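I opened this model with my notebook beside me and wrote down what I looked up, one topic at a time. Here are the entries, for anyone who wants to follow along.

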Amino acid sequence: MHQTGMAVAKKQGRNRRGLLSSHNVIQGYGLARYLGRSVIVQPMELSLVDHWICGAETALRTLSGGSRADRPTPRPEGSPAAELDAAEKRLAGALMRVNHVGEVCAQALYQAQAAATSSPELKAQMAQAAREEVDHLAWTEERLAELGDRPSLLNPLWYGGAFLIGLAAGRLGDRVSLGFVVETERQVGRHLESHLERLPAGDAASRAIVAQMRTDEAEHAQAAQAAGGIDLPAPVRGAMRLAAKVMTGTAHYL
Ligand SMILES: [Fe+2]
Ligand SMILES: [Fe+2]
């Protein structure tokens with residue numbers, strides 16, 4: 001039985017969207033054409049305007065607090081969480097705001113790096129990681145609200161800066177770009193480790209979220225390394241640590 005050209009186009013378009021839509025790096029499919037009895041599906045690059053629109057949509061969703069997690073929010077096991085006093089809530093809120101900023105930056109970085117590569121495999125890998133980062137974004141946002149705190153006022157600035165850095169990393173080639181992911185995820189992992197120590201002892205809810213994020217970030221780093229990410233030179237790693245320090249130090253308060 002022959003499938004119609006449109007059916008094939010719809011099916012492939014759906015597959016592509018399913019794979020990549022969260023990262024807005026989908027390749028568009030044109031209308032299927034018939035040549036005799038055979039069916040040709042014509043792949044079509046998204047136009048520059050399409051890319052800008054998709055990119056703007058992701059940025060708006062990230063910055064407006066409209067992100068939805070695919071996975072349920074990690075919750076602590078056992079007895080109900082202890083009530084936090086005002087100072088503990090303030091500290092937990094500041095730390096979770098920093099983590100939320102990290103996830104805002106992750107969206108920008110992955111989007112920019114996916115846009116910069118021509119490799120469909122790398123785009124797919126970035127998209128998979130970005131989907132999990134959306135979970136992190138939504139979880140930290142939710143926890144901030146539970147703590148009666150707010151996201152960083154400078155999120156548009158963090159997003160824009162991270163996007164430019166991701167674009168620059170992506171332009172240096174896929175192996176450098178993947179190496180950048182490896183190093184970023186490792187630094188984020190160490191940072192989350194420190195937060196597990198600094199969060200108030202009674203804040204099991206924030207700990208459960210941070211612990212799952214740490215596990216996911218380690219997997220992102222391993223996947224990027226396995227895909228061919230190179231070790232970045234020490235001065236670059238140092239510059240990245242410095243940039244992260246400025247961001248985390250500022251986001252703690254703003
Ligand atoms: Fe993350
Ligand atoms: Fe990650």
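**Entry 1: terms and ground rules.** I start with handedness: a crossing is left-handed if the near helix is turned anticlockwise from the far one by less than a right angle, and right-handed if clockwise. Helices (H or I, at least four residues) and strands (E, at least two) are DSSP runs, numbered from the N terminus. I remind myself that this is a predicted model, where local features need pLDDT of at least 70 and side-chain atom pairs count only at pLDDT 80 or more, while totals for chains, interfaces and linings use all residues. Residues are numbered from 1 along each chain as its sequence is written, and chains are lettered from A and ligands numbered from 1 in the order in which they are written.

**Entry 2: overview.** I looked up the elements of the protein chain and found eight helices and four strands. Along the sequence their pattern reads α-β-β-β-β-α-α-α-α-α-α-α. Next came burial: a residue is buried if 20 or more other C-beta atoms lie within 10 Å of its own, exposed if 12 or fewer, and partly exposed in between, with C-beta atoms placed from the backbone. By that count, 35% of the 254 residues of the protein chain are buried. For contacts, two residues qualify if their C-beta atoms, placed from the backbone, lie within 7 Å. Among contacts between residues at least 6 apart in sequence, 80% join residues at least 24 apart.

**Entry 3: α4 against α7.** I take axes as lines fitted to C-alpha atoms, for helices over the stretch in contact, with angles that run from 0 to 180 degrees between N-to-C directions. Angles under 35 degrees count as roughly parallel, over 145 as roughly antiparallel, 65 to 115 as roughly perpendicular and the rest as oblique. The axes of α4 and α7 are 11 Å apart, and the two helices pack at about 165°. They are therefore roughly antiparallel to each other, and their crossing is left-handed. On the α4 side, the residues that meet α7 include Gln125, Ala129, His136 and Trp139, and their partners in α7 include Ser206, Ile209, Met213 and His220.

**Entry 4: α7 itself.** After the helix I noted Gly228, with a positive phi near 115°.

**Entry 5: α3 and its two partners.** I found α3 and α4 packed at about 160°, with axes 9 Å apart. That makes α3 roughly antiparallel to α4, and this crossing is left-handed. With α6, the axes come within 12 Å and cross at roughly 170°. That makes α3 roughly antiparallel to α6 too. The residues of α3 that meet α6 include Leu95, Gly102 and Leu109, while those in α6 include Ser177, Thr184 and Val188.

**Entry 6: α6 and Thr184.** α6 has 25 residues and spans 36 Å, close to the 36 Å expected. What covers its buried residues includes α3, α5, α7 and α8. I picked out Thr184, found in this helix. Is Thr184 buried or exposed? Thr184 is buried, because 28 other C-beta atoms lie within 10 Å. Leaving aside neighbours within four places in sequence, Thr184 is in contact with Leu109 and Met240. The C-alpha atoms of Thr184 and Ala106 are 9.1 Å apart, though 78 residues separate the two along the chain.

**Entry 7: nonpolar cores.** Such a core is a set of buried Ala, Val, Leu, Ile, Met, Phe, Trp, Tyr and Cys residues joined through C-beta atoms within 7 Å. The largest has 37 residues, of which Cys105 and Ala108 touch the most other members. The elements that give two or more residues to this core are α3, α4, α5 (155–171), α6, α7 and α8 (234–251), and the largest share, 14 residues, comes from α3. A second, separate core of seven residues includes Ala169, Phe180, Val181 and Ala224.

Methods
Expected span 1.5 Å × (residues − 1).
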